[in-house]
Amino acid sequence: MVVVFSKSIVYSAFSLLFTFFGVAGIYVLLNADFLAITQLLVYVGGILVLLLFGVMLTTNTVTIDVKSGTMNIFPATVVIALLAGMLGGIFWTSDWFMSKQTSEIVHTTTTTEIGNALITTHVLPFEIASVVLLVAVVGAAMMARRERANTNP
Amino acid sequence: MTITLTHFLMLSAVLFSLGLFAVITRKNAIMVLMGIELILNSANINFLAFSRYGGMNIEGQMAAIFVIILAAAEAAVALAIVLNIYKRFNTVNVDEISILKD
């Protein structure tokens, strides 16, 4: 809640941190321990630091102007309330297929299974993901330094 | 009262709605990025809930891993774009960057 409704963007970023921790806890509840650790590493360690860097670089911290305004607040509220009600109603009333073997809690580590699946059945998405990460890193670096290369000569 | 699939789906619906609300109402581009992260997190919760309760053993977790990878790449590229926008326009408010309209 605070992520969305807080006026100060720094408060939003820090409450986003707690949201990520909560989602990692939900992953543990859902028997996905490797995903929980990955969530902590990638989101808390990477994405949140990137967002905070963005906050610090794009706001003049000398003149305290880290407030973030809103726009279209009323129609957005109506539309989002309608959408949330619709999603909740659909999720609540649907009769989901539940597997029979989930009643007992099985506490197994999923790291081995994930590693096996990554190099056997999911090799192609794995390689595509590595290429996408490489392209993203190179592209981000290019975009971040092209401005200076243009202004220097 | 036991926790069933429906509770996780309701949680992810709430998270998705809040993220979409942040995307379409906030002016700051970094707040829009935070909303996108919230939306991706809710999608991940859905993947894991269905893979836990639906009997598919590991496929949902694989999909969630790739979603996390793409979220990391998207955050890096989006931050680079936001920094370029800030250098050029000296603002990150998405409603003031409208020179494409003119």
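Predicted model: local features only at pLDDT ≥ 70, side-chain atom pairs only at ≥ 80, totals over all residues.
**Fold.** I began with the secondary structure. Chain A has six helices and zero strands. Reading from the N terminus, I get α-α-α-α-α-α.

**Burial and contacts.** Next I looked up how much of the chain is covered. Of its 153 residues, 33% count as buried. I then turned to contacts in chain A with a separation of 6 or more: residues 24 or more positions apart account for 55% of them.

**Surface.** I looked up the accessible surface of chain A, which comes to about 9800 Å². Carbon and sulfur atoms hold 73% of that area.

**Aromatic pair.** I searched the whole structure for aromatic pairs and found one over all chains. The partners are A:Phe20 and A:Tyr43. Their ring centres are 4.7 Å apart, and the planes make an angle of 50°. Where do the two residues sit in chain A? A:Phe20 is in helix H2 (residues 9–29), and A:Tyr43 is in helix H3 (residues 33–58), so the pair ties together parts that are 23 residues apart in sequence. I also checked burial: A:Phe20 and A:Tyr43 are both buried.

**Nonpolar patch.** Back on the surface, I noted a nonpolar patch made of A:Val49, A:Phe53, A:Met56 and A:Leu57. Together these residues have about 390 Å² of accessible area. I followed up one of them, A:Leu57, which lies in helix H3 of chain A.

How values were computed:
Residues numbered from 1 in each chain as written. Chains lettered and ligands numbered in written order. Heavy atoms only, no water. Helix = DSSP H or I, 4+ residues; strand = E, 2+ residues; numbered from the N terminus. Buried < 20%, exposed > 50% of the residue type's maximum accessible area, 1.4 Å probe, protein only. Contact = heavy atoms within 4.5 Å. Areas by Shrake-Rupley, 256 points an atom, 1.4 Å probe, with all protein chains shown as cover. Phe/Tyr/Trp six-rings, centres within 6.5 Å; stacked < 30°, edge-to-face > 60°. Patch = residues over 30% accessible without salt bridge, like charges linked within 9 Å, V, L, I, M, F, W, Y side chains within 5 Å. Salt bridge = Lys/Arg side-chain N within 4 Å of Asp/Glu carboxyl O.
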